[in-house]
Amino acid sequence: MPVVSVCIPTFNCKHFLQKAVDSVYRQTFKDYEILIVDDGSTDGTEEMVKSNRFSGRYYRFERMGQQAARNKLIELAQGDYITFLDADDELYPDALETLLQMMQQNGPETYVFGHYAGLDEAGRECLKTKPRCASPLTAADLFSFIHVKTGGTLFAADLYRKEGGFDAGMRRCGVYKLQLKLILKYRFVGTDKPLFKKRRHSGNATEMNYDWRTIEATMLEEFYYLEGGKDVVPKRRAMKRL
């Protein structure tokens with residue numbers, strides 16, 4: 001069995017998916033599997049994958065939503081650890097090697113993560129700025145700011161399954177919601193080193209509109225008042241965020 005399952009959910013992302021897969025092929029650490037769950041794409045993704053002789057496992061399902069697709073990836077993964085890679089993002093060549101070194105240094109019940117660079121539609125890179133935070137990351141820090149993205153992370157597959165995976169009903173903030181749950185039980189250790197490139201383009205859901213912000217605010221309120229947040233996030237800090 002592989003050490004790492006590189007799990008890629010995709011939906012109508014044919015034009016970027018091959019670049020994501022190629023970035024995995026370039027990894028300095030080689031004991032991995034690539035696992036793609038196609039969430040009902042209608043843009044010819046399946047034909048593209050088959051014609052390119054993809055060296056991994058590919059599954060196509062009827063449309064179920066992004067978080068459900070991630071849960072399906074957790075179910076199908078054969079590796080000891082899972083790293084998620086969005087279909088329009090790319091890994092730096094030493095990403096898996098760096099994450100595994102961090103895991104070995106901190107223990108298997110650790111959630112490790114790295115920083116990222118932005119990619120514009122022309123493929124130009126720009127290192128993103130973010131507030132500095134201590135490592136290990138505290139629950140209060142994560143509540144105050146989304147320091148951890150979906151990509152550039154590593155966590156044990158068995159622990160993802162034990163904790164129930166992602167909330168399939170979340171249209172946004174599903175990853176953030178699970179991370180807040182996990183940080184109450186597991187250490188979050190990060191590095192400022194960029195491990196992946198996050199692409200911004202007209203087809204991804206990065207806009208900050210009222211609907212998205214309402215979902216985020218409701219999720220944060222539930223975490224703080226109902227799911228243990230009051231015990232770990234100082235009230236003044238929580239009220240500032242809310």
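Reply: One term to begin with: helices (H or I, at least four residues) and strands (E, at least two) are DSSP runs, numbered from the N terminus. On that basis the protein has 9 helices and 9 strands. The radius of gyration is 17 Å, close to the 18 Å that the globule rule gives for 242 residues, so the protein is as compact as a globular protein of that length. That radius is taken over C-alpha atoms, and the rule is 2.2 Å times the number of residues to the power 0.38.

Me: Where do these numbers come from?
Reply: This is a predicted model: local features need pLDDT of at least 70, side-chain atom pairs count only at pLDDT 80 or more, and totals for chains, interfaces and linings use all residues. Residues are numbered from 1 along each chain as its sequence is written, and side-chain values use heavy atoms, with hydrogens and water left out.

Me: What does the C-alpha trace span?
Reply: About 55 × 40 × 35 Å along the principal axes.

Me: And how much of the protein is buried?
Reply: Buried residues are 51% of the 242. Buried means under 20% relative accessible area, exposed over 50%, partly exposed in between (1.4 Å probe, protein chains only). The accessible surface comes to about 11,800 Å², and carbon and sulfur atoms hold 50% of that. Areas are from the Shrake-Rupley method with a 1.4 Å probe; for residues, only the protein chains shown count as cover.

Me: Which residues of helix 3 are buried?
Reply: Helix 3 covers residues 66-76, and its buried residues are Gln67, Ala68, Ala69, Arg70, Leu73, Ile74 and Leu76. They pack against strands 1, 2, 3 and 4, plus helix 6 and helix 7. Contact here means heavy atoms within 4.5 Å.

Me: New topic. How many cavities of 30 Å³ or more are there?
Reply: The search of the whole structure finds 1. About 40 Å³ of space lies in the largest cavity. A cavity is a set of points on a 1 Å grid, over the protein atoms alone, where a 1.4 Å probe fits but cannot get out; lining residues have an atom within 4 Å of a point. Grid points are joined across faces, edges and corners, and the volume is the space filled by probe spheres set on the points.

Me: What lines the largest cavity?
Reply: Leu17, Gln18, Val21, Ile36, Met48, Val49, Asn52 and Phe54. Helix 1 gives the largest share, 3 residues. Helix 1 and helix 2 each supply at least two. The lining divides into 6 nonpolar, 2 polar and no charged residues. Nonpolar is Ala, Val, Leu, Ile, Met, Phe, Trp, Tyr, Cys and Pro; charged is Asp, Glu, Lys and Arg; the others, Gly among them, are polar.

Me: Thr45 next. Buried or exposed?
Reply: Buried, with a relative accessible area of 1%. Thr45 is in helix 2. Leaving aside neighbours within four places in sequence, Thr45 contacts Thr10, Cys13, Lys14, Leu17, Asp38 and Tyr58.

Me: And Gln27, where is that?
Reply: In the loop between helix 1 and strand 2. Gln27 counts as buried, at 1% relative accessibility. Gln27 and Tyr92 are 65 residues apart in sequence, but 7.5 Å apart C-alpha to C-alpha.

Me: Last one: Arg171, buried or exposed?
Reply: Exposed, with a relative accessible area of 54%. Arg171 sits in the loop between helix 6 and helix 7. Not counting residues up to four places away in sequence, Arg171 touches Asp211, Trp212 and Ile215.

Notes:
1 Å grid on protein atoms, 1.4 Å probe; cavity = no way out; pocket = protein on both sides within 12 Å on 5 of 7 lines; lining within 4 Å.
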